[in-house]
Amino acid sequence: MAEERESHWERVYREKDDSQLSWHQDDPTTSLELCDVAGIDAGSSVIDIGGGTSRFAEHLIERGLSDVSVLDVSQAALHRSRRRLGALSAQVEWIASDVTTWNPDRSYDLWHDRSVFHFLNDAADRTAYQDQLYRCLLPGGHAIIATFALDGPETCSGLPVVRYDPEGLSEVLGDRLTLVSHRRQTHLTPWRNPQSFQYSLLRMGQ
Ligand SMILES: C[S@@+](CC[C@H](N)C(=O)[O-])C[C@H]1O[C@@H](n2cnc3c(N)ncnc32)[C@H](O)[C@@H]1O
């Protein structure tokens, strides 16, 4: 399963540029707005799970954060992001790993995931993801998890997804995390197709 996932995403990033990726956005506005709600500032540590070629990490660096990590199962995606960032890429820790099998050795103030959790159709994978999330979040830390909303598409990148509303997502992630806030967003793909997302901000118990 993990190898199939890796080869799928390697192929995607080798064959398509950003303008051909349905999830691409120039400005991660909703994520950054929820960072503000969570009180993320220059002293916060943040990991972007499945960051791909997202601009989220560079927006955080522009905001003065010096502890930013990006994890992705695709080496090709990380390579592209590093190249785009140029000298700034040295300010990011790049982690090539599947989130479900990763072995984290530290914790973060914020876990950000836009469109990774919704690919986990298998209960064992969701449990593994939840274990990592619990291990990685500092007490009082936050998670921003964006998935397709209940009226969003049923597939992404040709793969089936599980759609959530904030309450359903919060229930799946367990009661150590409390739903603090949420947003709906209609994302427009680079070819102007609307897709409904939900963004949930959850807080880890002390
Ligand atoms: C739909 S894309 C979203 C990319 C990025 N978060 C964004 O908003 O632009 C999903 C990303 O998650 C990565 N990914 C998928 N499954 C993963 C997993 N199990 N562990 C780590 N990364 C994963 C893919 O390589 C891809 O970059």
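Here is a walk through the ligand site and the cavities of this structure.

The model is predicted, so to speak of local features takes pLDDT of at least 70 and side-chain atom pairs count only at pLDDT 80 or more, while totals for chains, interfaces and linings use all residues. Residues are numbered from 1 along each chain as its sequence is written, and side-chain values use heavy atoms, with hydrogens and water left out.

Let's start with the ligand. Around it sit 19 residues, with Tyr13, Gly50, Asp72, Val99 and Arg114 coming nearest; being near here takes a heavy atom within 4 Å. By class, that shell holds eight nonpolar, seven polar and four charged residues.

Now for some atom pairs. A ligand oxygen lies 2.6 Å from a side-chain N or O atom of Arg114. On the nitrogen side, a backbone N or O atom of Gly50 is 2.8 Å from a ligand nitrogen, and a side-chain N or O atom of Asp98 is 3.0 Å from a ligand nitrogen. Alone, the ligand would expose 600 Å², and the protein buries 98% of that (Shrake-Rupley areas, 1.4 Å probe).

What space does the ligand take? It is the largest cavity, with a volume of about 450 Å³. A cavity is a set of points on a 1 Å grid over the protein atoms alone where a 1.4 Å probe fits but cannot get out, and lining residues have an atom within 4 Å of a point. Of its 29 lining residues, Gly50, Asp72, Arg114, Ser115 and Val116 lie nearest the centre.

The second largest cavity has about 50 Å³ of space. Its lining includes Asp48, Arg84 and Trp94.

Key. A polar contact is a pair of N or O atoms within 3.5 Å; within protein, one must be able to donate a hydrogen and the other to accept it, and residues adjacent in sequence count only if both atoms are side-chain atoms. On a 1 Å grid over the protein atoms alone, a cavity is a set of points where a 1.4 Å probe fits but cannot get out, and a pocket is an open set with protein on both sides within 12 Å along at least five of seven lines; lining residues have an atom within 4 Å of a point. A molecule sits in a cavity or pocket if more than half of its atoms lie within 2 Å of its grid points. Ala, Val, Leu, Ile, Met, Phe, Trp, Tyr, Cys and Pro count as nonpolar, Asp, Glu, Lys and Arg as charged, and the others, Gly among them, as polar. Grid points are joined across faces, edges and corners, and a volume is the space filled by probe spheres set on the points.
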